[in-house]
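Here is a note for a colleague opening this structure for the first time. The points below can be read in order with the coordinates on screen.

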Amino acid sequence: MIAEETLVDQLKQSDTRAKAFEVLIDTYKERLYWHIRRIVLNHDDADDVLQNTFIKVYRNIDGFKGDSKLYSWMYRIATNESLSFLKSKSRRLGVNNEELHERMVDNLQADVYFEGDEIQLKLQKAIAMLPEKQKLVFNMRYFEELKYEEIAEILELTVGGLKASYHLAVKKIEEFLKED
Amino acid sequence: MSNLGKNNNFKIPKDYFDEFKGELMAKLNEEDSDLSLSKEYHNGGFKVPHNYFETLGERIASKIEPEKGKVIQLRPYRKYYIAAASIAAILVIALSVKLTTGKTPTFETLGSNDIENYFENHEMDFTDNELAELLPVQEVGINDILTQEINQERIVDYLDDTIEDLQELNNVYDEE
């Protein structure tokens, strides 16, 4: 696997940019896709956001100073793109954030690209009820199995705060699943 | 058959070893499908279309336009002229609108035709005497009201017919 610094250098040079970008897509497409998909839930929306994310990375690579890792920077772009997408979607539908998430989970039952069982659907309902930050932290820790240090770098939060958020999220989800 | 040993009493089904490889591969394929299910389960039940990730790179690349050379404007000052002209036009329109709409009409600024038309087109409840009181008599001459000039003889005849004592009227006039 190509070193991150080398890849960044190649992305910044016009003669090697195209090839390096292909490598970048191949390396990160699946990780970023699943990160986005868990935020927007629907495949078509995830596809749109993922493409926008890579296009933004391509156009802004010259502004990448290397203060953080490349993948953290890309994750941050993907997260911001996903949240912006949901905001504009809620504006377009004339609903607030909570109503939008309820609708998104309801739509999962008819989604051809969702084959989750009853428990998985209920888990998604529980996640949808969480505040934005807890939702992100829970998905990144539980599904993506990222380390707290990695999540902290991506979301620009402290590890202590993240642990508290994750703990609260787990507690709320457990309570929700115990209901019924 | 030396692998069986001397005291081997166990038997195997006919063609067992010939079919073993095929059965094992079938089982492994089943396990593969179970593995893919468990991967989906780990993804929370979410799936992607077939070959989605294989074609993603091409689709993104097609959306990125090739870099273009820097465009140099031939007459860069032109945009300042356009901006200045636009601002001037907006100011002129704004002022003219303010001048025409902001003015409160007064009696002096009304044209006499406008007043006449108003009186003609609107039913007024004024009597002749009330209207006469509104008119500034000192500044109005007889010819401002009458369109036809009446000669003095006819006036004297009229007064003679309507007023009993014409001499008395002359006395009132003299006293004033």
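1. A contact to start from. This is a predicted model. Leaving aside residues up to four places away in sequence, Val137(A) touches Ile151(A), Leu162(A), Ser165(A), Tyr166(A) and Ala169(A). Val137(A) is also one of the residues that touch the most other members of the largest nonpolar core, which is taken up in point 3.

2. The two chains. Chain A has nine helices and zero strands, and its pattern along the sequence is α-α-α-α-α-α-α-α-α. Chain B has eight helices, again with zero strands, and reads α-α-α-α-α-α-α-α. Of the 180 residues in chain A, 28% are buried; for the 176 residues of chain B the figure is 2%. If contacts in chain A are limited to residues at least 6 apart in sequence, 57% of them join residues at least 24 apart.

3. The largest nonpolar core. In general, nonpolar side chains tend to be buried together in soluble globular proteins. Here the largest nonpolar core has 39 residues, and those touching the most other members are Ile25(A), Leu32(A), Ile36(A), Val40(A), Leu50(A), Met74(A) and Val137(A). At least two residues of this core come from each of α2 (14–40), α3 (43–60), α4 (70–93), α6 (118–128), α7 (132–143), α8 and α9 of chain A, and from α2 of chain B. The largest share, 10 residues, is supplied by α2(A). Within chain A, domain 1 (1–115) and domain 2 (118–180) each give at least three residues to this core.

4. Which elements of chain A give two or more residues to the side that touches chain B? The contact as a whole takes 21 residues from chain A and 15 residues from chain B. On the side of chain A, the elements giving two or more residues are α2, α3 and α6. The largest share of that side, seven residues, belongs to α2(A). By class, the residues on the side of chain A are nine nonpolar, five polar and seven charged.

5. Packing of α5(A) on α6(A). Two packed helices are described by the angle between their axes and the distance between the axes. The axes of helix α5 (residues 97–108) of chain A and α6(A) come within 9 Å and cross at roughly 170°. Angles over 145 degrees count as roughly antiparallel, so α5(A) and α6(A) are roughly antiparallel to each other. From α5(A), the residues in this contact are His101(A), Glu102(A), Met104(A), Val105(A) and Leu108(A); they meet Leu121(A), Gln124(A), Lys125(A) and Ala128(A) in α6(A). Sorted by class, this contact has five nonpolar, two polar and two charged residues.

6. Leu7(A). This residue is found in helix α1 (residues 4–12) of chain A. Is Leu7(A) buried, exposed or partly exposed? A residue is buried with 20 or more other C-beta atoms within 10 Å and exposed with 12 or fewer; Leu7(A) has 19, so it is partly exposed. Beyond residues up to four places away in sequence, Leu7(A) touches Ile2(A), Ala20(A), Val23(A), Leu24(A) and Leu70(A). Leu70(A) is 63 residues from Leu7(A) along the chain, yet their C-alpha atoms are separated by 9.3 Å.

7. Glu81(A). This charged residue is found in helix α4 of chain A. Glu81(A) counts as buried because it has 23 C-beta neighbours inside 10 Å. Not counting residues up to four places away in sequence, Glu81(A) touches Val49(A), Asn52(A), Thr53(A) and Lys56(A). Lys56(A) and Glu81(A) are 25 residues apart in sequence, with 9.4 Å between their C-alpha atoms.

8. Two backbone angles to check. Most residues other than glycine have a negative phi. Glu156(A), which is not a glycine, has a positive phi of about 55°. Glu156(A) is found in the loop between α8 (148–155) and α9 (159–178) of chain A, and it is exposed, with 9 other C-beta atoms within 10 Å. In chain B, Asn51(B) has a positive phi near 65° and is likewise a residue other than glycine. Asn51(B) lies in the loop between α1 (16–42) and α2 (52–63) of chain B. With 8 other C-beta atoms within 10 Å, Asn51(B) is exposed.

Definitions and conventions. Residues are numbered from 1 along each chain as its sequence is written. Chains are lettered from A and ligands numbered from 1 in the order in which they are written. This is a predicted model: local features need pLDDT of at least 70, side-chain atom pairs count only at pLDDT 80 or more; totals for chains, interfaces and linings use all residues. Helices (H or I, at least four residues) and strands (E, at least two) are DSSP runs, numbered from the N terminus. A nonpolar core is a set of buried Ala, Val, Leu, Ile, Met, Phe, Trp, Tyr and Cys residues joined through C-beta atoms within 7 Å. Domain bounds come from an automatic or database domain assignment. Two residues are in contact if their C-beta atoms, placed from the backbone, lie within 7 Å. Axes are lines fitted to C-alpha atoms, for helices over the stretch in contact, and angles run from 0 to 180 degrees between N-to-C directions. Angles under 35 degrees count as roughly parallel, over 145 as roughly antiparallel, 65 to 115 as roughly perpendicular and the rest as oblique.
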